[in-house]
Amino acid sequence: MGIHFLIFFSTFLGIFSGENRLKSSPEKPNIILIFADDLAYGDLGSYGARGWETPHLDQLAAEGMRFTQFYVPHAVCTASRAALLTGAYANRLGLYGALDHTANHGLNPEETTIAEMLKENGYQTGMVGKWHLGHQPEFLPTRQGFDSFFGLPYSNDMWPKHPESKNYYPPLPLIEGEEAIAYLEDQKELTSWYTYKSLEFIEKNQGNPFFLYLAHSMPHVPLFVSDKFKGESEQGLYGDVMMEIDWSVGEIRKKLKELGLSENTLIIFTSDNGPWLSYGGHAGLQGGLKEGKGTSWEGGIRVPAIFTWPGKIPAGQVQNQAAMTIDILPTLAKLTGSRLPKLKIDGSDIWPLIQGEKQELKPYYAYYNQNELQAVIYGKWKLVIPHTYRTIPSGTEMRNDGIPVKYSYIKLENPQLFDLSKDMGETKDVSIQNPEIMKMLNSFATQARTDMGDALTGAEGTGNRKAGRITIKEN
Ligand code: MG
């Protein structure tokens with residue numbers, strides 16, 4: 001009797017104090033973070049896409065906040081994903097480029113991901129899609145805060161059918177938890193599978209606050225689309241793939257509505273980098289930006305970004321102030337009352353921007369290759385630092401069959417300054433006319449070099465950490 005009473009009493013107290021906590025602390029909305037791969041700035045209807053339609057994503061934008069100057073800090077898969085999930089520049093974490101099946105390193109388990117942060121705060125966490133932060137078991141999503149994982153360990157072109165590296169890659173595993181459940185022969189159903197797994201996760205966790213990270217493999221090459229979208233767009237395969245991603249967003253929203261969760265769910269949609277231009281008709285739309293993936297020009301680092309939360313984020317708004325994926329983690333921390341990572345991060349809370357207000361400007365950096373500081377962005381100003389970048393030689397005949405053309409390389413000799421508010425295509429260097437702005441942006445660059453180093457100047461930096469590395473056991 002006495003024991004029962006004690007249990008009853010403490011349960012009662014637990015509920016009681018739980019209710020009190022809810023009243024006095026931030027809400028815990030469900031969070032769905034959709035991250036597309038190589039989806040370009042011009043690929044959504046609300047960003048001017050032509051040749052295909054994205055009605056569900058346009059509706060998402062119409063009900064929320066759409067950013068026009070939203071960045072990733074690194075125009076390549078692994079680095080961009082590391083920054084998104086930790087709120088820190090990937091070079092600070094010792095991660096660069098795109099890992100493949102030979103990598104014995106990955107995101108250091110010492111780092112805190114959004115999933116770990118939210119899990120500690122009572123969230124159920126699930127990941128569906130492309131991971132790319134280390135394929136060794138030690139680095140998989142299930143070791144980095146996610147309760148469940150269904151997807152690919154790295155890019156979908158890292159397979160035996162790669163158009164340029166035929167005998168290099170092993171079969172591409174589809175992973176559930178930490179086990180390979182299949183090796184992919186084709187990828188036609190990938191977007192559908194990701195979608196159904198996401199719906200399953202939402203349904204299963206409808207009673208808890210949940211965090212779903214859906215990282216689509218598409219529209220990264222090789223492009224695949226299910227039969228239901230084949231031939232649906234005017235443009236061809238890339239457009240069909242975009243329409244299937246859009247369908248997926250629609251299915252998720254339909255499920256939320258069905259379960260009565262729409263009002264209590266924040267949806268974020270963005271991309272890891274710009275279009276892979278060498279793939280011609282199999283790459284996305286630059287939307288008026290210069291160059292693409294693999295460069296720190298706007299075409300590489302500026303991506304669409306939509307934040308939608310009915311009743312909490314004003315509908316149909318456009319935010320023109322700059323922000324970056326590193327800001328997502330601290331923003332979610334603030335919104336949910338979660339504890340920030342112990343180790344230093346670089347992003348900051350942009351909830352005021354998401355609500356349509358202005359915030360104090362701060363410098364953003366674009367790092368590429370092995371720790372090269374290539375650009376500094378401060379509001380409408382962008383300093384491009386002398387470096388070598390890839391481009392497609394003029395006069396190249398582009399293809400539309402999934403075979404890339406060759407890049408050539410350009411060495412930028414002098415720093416350039418652009419006023420992105422008038423010239424987002426980075427066509428007119430205004431450095432001579434703006435010596436004070438140059439001085440300020442150069443001082444930001446110096447700060448970054450002192451902290452995170454810079455391979456272009458040889459600066460060492462003092463604030464960088466190391467990637468996780470597996471120890472190869474020797475007998
Ligand atoms: Mg990518």
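Rings of Phe, Tyr and Trp, the last taken by its six-membered ring, are counted as a pair if their centres lie within 6.5 Å. In the predicted model described here, the count by this rule comes to 22 aromatic pairs. A pair of aromatic rings is described by the distance of the centres and the angle of the planes.

One of the pairs is formed by Phe-146 and Tyr-213, which are stacked, with 6.0 Å from centre to centre and 25° between the planes. The two residues come from distant parts of the chain, 67 residues apart: Phe-146 lies in the loop between β4 (124–130) and β5 (148–152), and Tyr-213 lies in strand β8 (residues 210–215). Phe-146 and Tyr-213 are both buried. A second pair, Tyr-196 with Trp-247, is edge-to-face, at 6.0 Å centre to centre and 85° between the planes. This pair also links distant parts of the chain, joining Tyr-196 in helix α5 (residues 190–204) to Trp-247 in helix α6, 51 residues apart. Tyr-196 has 43% relative accessibility and therefore counts as partly exposed, whereas Trp-247, at 13%, counts as buried. One aromatic cluster is made up of Phe-35, Trp-131, Phe-146, Phe-211 and Tyr-213.

Aromatic rings also meet charged side chains. The ring of Trp-276 has the charged end of Lys-293 over it, 3.8 Å from the ring centre. In the case of Tyr-41, the charged end of Arg-302 sits over the ring, 5.6 Å from its centre.

Helix α6, which carries Trp-247, covers residues 237–258. From the first C-alpha to the last, the 22 residues of α6 reach 31 Å, close to the 32 Å expected at 1.5 Å a residue. Of these 22 residues, 18 are buried, so α6 is largely enclosed by the rest of the structure. After α6 comes Gly-260, with a positive phi near 70°.

Strand β5 pairs with two other strands, β4 and β6. The pairing of β4 with β5 is parallel and extends over 5 bridges; within it, Val-128 has Phe-150 of β5 as its bridge partner. The pairing of β5 with strand β6 (residues 173–176) is antiparallel and extends over 2 bridges. Here Gly-151 stands opposite Ile-175 in β6. Strand β5 is mostly covered, with 4 of its 5 residues buried.

The model also holds a magnesium ion, coordinated at 2.1 to 2.7 Å. Asp-38 and Asp-272 link distant parts of the chain, 234 residues apart. Asp-38 is in the loop between β1 (30–36) and α2 (55–62), while Asp-272 is in the loop between β9 (265–271) and α7 (298–301). Both Asp-38 and Asp-272 are buried. The angles among the 6 donor atoms run from 53 to 155°, and the site of the magnesium ion is irregular. Six donors count as octahedral if opposite donors are over 155 degrees apart and all others between 65 and 115, so a site that departs from these limits is classed as irregular.

Note on methods:
Residues numbered from 1 in each chain as written. Predicted model: local features only at pLDDT ≥ 70, side-chain atom pairs only at ≥ 80, totals over all residues. Heavy atoms only, no water. Donors = N, O, S within 2.8 Å, 3.2 Å for Na, K, Ca; no water. Tetrahedral: all angles 85-135°; square planar, octahedral: opposite > 155°, others 65-115°. Buried < 20%, exposed > 50% of the residue type's maximum accessible area, 1.4 Å probe, protein only. Expected span 1.5 Å × (residues − 1). Phe/Tyr/Trp six-rings, centres within 6.5 Å; stacked < 30°, edge-to-face > 60°. Lys NZ or Arg CZ within 6 Å of the ring centre and 35° of its normal. Pairing = 2+ DSSP bridges.
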